[in-house]
Amino acid sequence: MSRIDAPGSSPLSPDPTLPEPDAPAPQLRVGTTASRRTSVSESSASAPGRNELRAYDGPSVAPSAPRASTNAEGPAVSARELAAMGGRLRSPSAPVPEDVYASVRSHLTRSLSNPFLTGSDVKATHDALGSVPRDAYRATLERMDRDGLLASYVSRMDAPSRQSFLEQAASKGVLSLRAGSAPGPLGMPGRPEMFVNDPKLPGALRDAVNAHATDTGRAAVVAYDAYLQRHGDAVAQAGSLPALRALGPPQALDLRETSLGLSWSDPRRERYEAEWKAGLGRPQHSLVQAYAAVSARAQVLSGERPAGAFVSAEVSASHDLLHFKSEAHASARGTTDVQTQAGVAAKAGPVGLEVMTDAHGKTEAQLQVDLGIASVSRDSEGKVELSLGAGSHARAHATLNPRTAEFGGGIAFETSDKAGQSHAGLKLGYGLRGLAPERAAQAVRGDIPGLFSRPRDLDPGVAWEALPAERRALYERQGWTREEWAQDARR
């Protein structure tokens, strides 16, 4: 049979060259592309008579230059182990103690003799892991994580056992702790210390670290709630504005998601942050309520009634021209104000005049116009009252006082003798109290400091006597005295 050969080519023998019976089998090795091209060209050049297919025997190098090893020294690492370590090789560690691992497996594996994992299993596993050497502890946890034992172990932990396990892992060098901050005045909780949730840690161990962070955050919220309660009690017991100012403003708890220290590239960041926020809970008291309590106490100490809702009750009695009444105000913040007055009342037709004096010698006058079913009155304190008859012995009333920013209403009951010379009455009311116009104007002025702010006049060292009379009176209403001003000016 004829064949056609390309010009310049060597004929290929129809009989393949068989290896010798005692020759070793060819080995397949992995090399670079450049080495394979060199080997093929060298084999072609070594046999000019005929073409041969030979096994690759490595790149051609000089005998004096040893070939570098392509495998790093140390134990082989599978793809699953590499993924468990976060894609990073670590230095070789001591082997996992097989006897300890067998004990751990027996406690964390469900069987007919141990169908449920109990607290005793968790404690026995903790004790067994405590006997693992420091250089083999991480490898033991990684093996437990691959076998699913670490997830079973973590799922059965309560908060104390979880903290003991994480402290054990930290003592073995697997975990690190991020330091917190010290508590503040009145037991204000500082920033809690937390374990670092490193992405290179085994997955189940990371779950335990985040669960512990949630427990720590929840404890910080409870401690913060107790701090707000203590601050409120101290505010209520403050007997003066300087004593109230010495307490300082209520502090806010800085407990955000960044406290976990998770990076944006962490694949578990969103899940861990969501679990952490859901497990924190909310305090019963709030920072807004704490500031409101401070403001209300400051108003009381400065001689004003605190803003908010209130109820009132007034008992009155009169005989002929003599008139007596006692009024009590109770605010929703728990403060009570009782005022007793006595005086004279005169009436000429539909117009009546009442002049009353309290125990401190303060005089108050009230002018009333009675139109039968309706009556209108106004007193010297700015309170305007409109009342409507609701029967022979009852009247409904509505009150408004722009000076004290009070608005309310209620109902009054009256009775009198047959001669009409003696009267007795009971008036019940409710209302809301806001900021007085003067207080509202001061709140928006930038040159007037707040209760916990430092007056700007102290910085240049202005003496108390050198202050303008109007500004000195303003500071006096805020509780500043000559002695406190001089002491603070030296700071």
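Residues are numbered from 1 along each chain as its sequence is written, and side-chain values use heavy atoms, with hydrogens and water left out. Because the model is predicted, local features need pLDDT of at least 70 and side-chain atom pairs count only at pLDDT 80 or more, whereas totals for chains, interfaces and linings use all residues.

The secondary structure of the chain comprises 14 helices and 12 strands; helices (H or I, at least four residues) and strands (E, at least two) are DSSP runs, numbered from the N terminus. Of the 491 residues in the chain, 31% are buried. Here buried means under 20% relative accessible area, exposed means over 50%, and partly exposed lies in between (1.4 Å probe, protein chains only). The accessible surface of the chain amounts to about 30,200 Å², and 57% of it belongs to carbon and sulfur atoms; these areas come from the Shrake-Rupley method with a 1.4 Å probe, and for residues only the protein chains shown count as cover. Among the contacts in the chain with a separation of 6 or more, 50% are made by residues 24 or more positions apart, where contact means heavy atoms within 4.5 Å.

Helix α4 covers residues 119-130. At 1.5 Å a residue, its 12 residues should span 16 Å, and the end C-alpha atoms are 17 Å apart, which agrees; the expected span is 1.5 Å times one less than the number of residues. The buried residues of α4 are Asp121, Val122, Thr125, Ala128 and Leu129. They lie on the same side of α4 because they cover an arc of only 125° around the axis, the arc being that of the directions from the helix axis to the C-beta atoms. An α-helix has 3.6 residues a turn, so residues three or four places apart point the same way. On the other side of α4, Gly119, Ser120 and Lys123 are exposed. The buried residues of α4 pack against α3 (98-108), α5 (134-146), α6 (149-155) and α7 (159-171).

Helix α7 can be read in a similar manner. Its 13 residues should span 18 Å at 1.5 Å a residue, and its end C-alpha atoms are 18 Å apart, which agrees. Arg162, Phe165, Leu166, Gln168 and Ala169 are the buried residues of α7. They cover an arc of only 155° around the axis, which puts them on the same side of α7. The cover over these buried residues includes α4, α5, α6, β2 (194-195) and α8 (203-237). After α7 comes Gly173, whose phi is positive, near 85°.

What does the surface show? A nonpolar surface patch of about 770 Å² is formed by Leu321, Leu322, Val344, Val351, Leu353, Val355, Leu367, Val369 and Leu371. Patches consist of residues with over 30% relative accessible area and no salt bridge; like charges are joined within 9 Å, and nonpolar side chains (Val, Leu, Ile, Met, Phe, Trp, Tyr) within 5 Å. The elements giving two or more residues to the nonpolar patch are β6 (351-358) and β7 (363-370), and β6 provides the largest share, three residues. Leu371 is located in the loop between β7 and β8 (374-379) and counts as exposed because its relative accessibility is 61%.

The salt bridges form the last topic. A salt bridge is a side-chain nitrogen of Lys or Arg within 4 Å of a carboxyl oxygen of Asp or Glu, and by this rule the count comes to 17. Side chains of opposite charge can pair when their charged atoms come close. One of the salt bridges joins the side chains of Asp207 and Arg271 (3.4 Å, N to O). This pair links distant parts of the chain, with Asp207 in helix α8 and Arg271 in helix α10 (residues 269-280), 64 residues apart. Asp207 counts as partly exposed at 30% relative accessibility, and Arg271 counts as partly exposed at 40%. Leaving aside neighbours within four places in sequence, Asp207 is in contact with Arg268, Arg271 and Tyr272. A network of salt bridges links Asp207, Arg268, Arg271 and Glu275.

Within helix α8, Asp215 forms a salt bridge with Arg218, the closest N and O atoms being 3.2 Å apart. Because Asp215 and Arg218 are three residues apart in helix α8, about one helical turn separates them. Another salt bridge brings together the side chains of Lys325 and Glu354 (3.6 Å, N to O). This pair also links distant parts of the chain, with Lys325 in strand β4 (residues 322-331) and Glu354 in strand β6, 29 residues apart. Both Lys325 and Glu354 are buried.
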